[in-house]
Amino acid sequence: MATSDLQLFTTLVRYETRLWNQLDAQLRAEGLVPLPTLMTLDVVRQHAGSCRVQEIRQDLGITVGAASKVVDRLERDGHVVRTPHPHDRRSSLVELTRTGAQARSAGLSTLEGMLAAHLAGEPGLDAAGALLSRLLSRLDDAPA
């Protein structure tokens, strides 16, 4: 790995961590769901009607155990419900409740505003986004 590659990696990790922490703190300060909860609620919504713990694990890049614990907390807090999977007795489907849908909507609206303010005036965001999407696809396609 060239020095510039290592510097890019280090900068990306630092930026992601600091941005995540800042956004999470702002959401909490406004009385909204924390960022990890919001991201999970969004995954459940994206897979509406077919979301299992496996989809949450895959989309968030976490372990099955971590995804299961997140769903346990969301269910405890009234944001999701689990229902038996109609075709797989070993699995259940995770669905948003009205409370979860409202928390997701309020959180995403606020998050989008915070990101827009943070990124305002930065040139090349479309190209950077496309590059990061391509690189993420490489990781998704790589053998484990």
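## Packing of α3 and α4

In this predicted model, helix α3 crosses α4 in a right-handed sense. The angle between α3 and helix α4, which covers residues 64-76, is about 115 degrees, and the axes of the pair are 9 Å apart.

On the α3 side, the contact is formed by Val-53, Gln-54, Ile-56 and Arg-57. Their partners in α4 are Val-64, Ala-67, Ser-68 and Val-71. Sorted by class, the residues of the α3 and α4 contact are five nonpolar, two polar and one charged.

## Packing of α2 and α5

Helices α2 and α5 also pack together, at an angle of about 115 degrees and with 9 Å between their axes. The crossing of α2 and α5 is left-handed.

From α2, the residues in this contact are Leu-35, Leu-38, Met-39, Leu-41, Asp-42 and Arg-45. They meet Gly-100, Ala-103, Arg-104, Gly-107, Leu-108 and Leu-111 of α5. The contact of α2 with α5 comprises seven nonpolar, two polar and three charged residues.

## The largest pocket

The largest pocket has a volume of about 1900 Å³, and 33 residues line it. Nearest the centre of this pocket are Leu-12, Glu-16, Leu-132, Ser-133 and Leu-136.

Several helices contribute to the lining. At least two residues each come from α1 (3-29), α2 (35-46), α3 (53-60), α5 (98-119) and α6 (125-141). The biggest share of the lining belongs to α6, which gives 10 residues. In terms of class, the lining of the largest pocket holds 24 nonpolar, five polar and four charged residues.

## Overall layout of the chain

The chain contains six helices and two strands. Read from the N terminus, the order of elements is α-α-α-α-β-β-α-α. Taken along the principal axes, the C-alpha atoms of the chain fill a box of roughly 50 × 40 × 25 Å.

## Annotated domain

An unreviewed UniProt entry places the feature "domain: HTH marR-type" at residues 5-141. In the model, the span of residues 5-141 is 71% helix and 7% strand.

Terms used: Residues numbered from 1 in each chain as written. Predicted model: local features only at pLDDT ≥ 70, side-chain atom pairs only at ≥ 80, totals over all residues. Heavy atoms only, no water. 1 Å grid on protein atoms, 1.4 Å probe; cavity = no way out; pocket = protein on both sides within 12 Å on 5 of 7 lines; lining within 4 Å. Points joined across faces, edges and corners; volume = space filled by probe spheres on them. Helix = DSSP H or I, 4+ residues; strand = E, 2+ residues; numbered from the N terminus. Nonpolar A, V, L, I, M, F, W, Y, C, P; charged D, E, K, R; others polar. Axes fitted to C-alpha atoms, helices over the stretch in contact; angles between N-to-C directions. Left-handed = near helix turned anticlockwise from the far one by under 90°. Contact = heavy atoms within 4.5 Å. UniProt positions renumbered as here; feature names shortened; annotations may be inferred.
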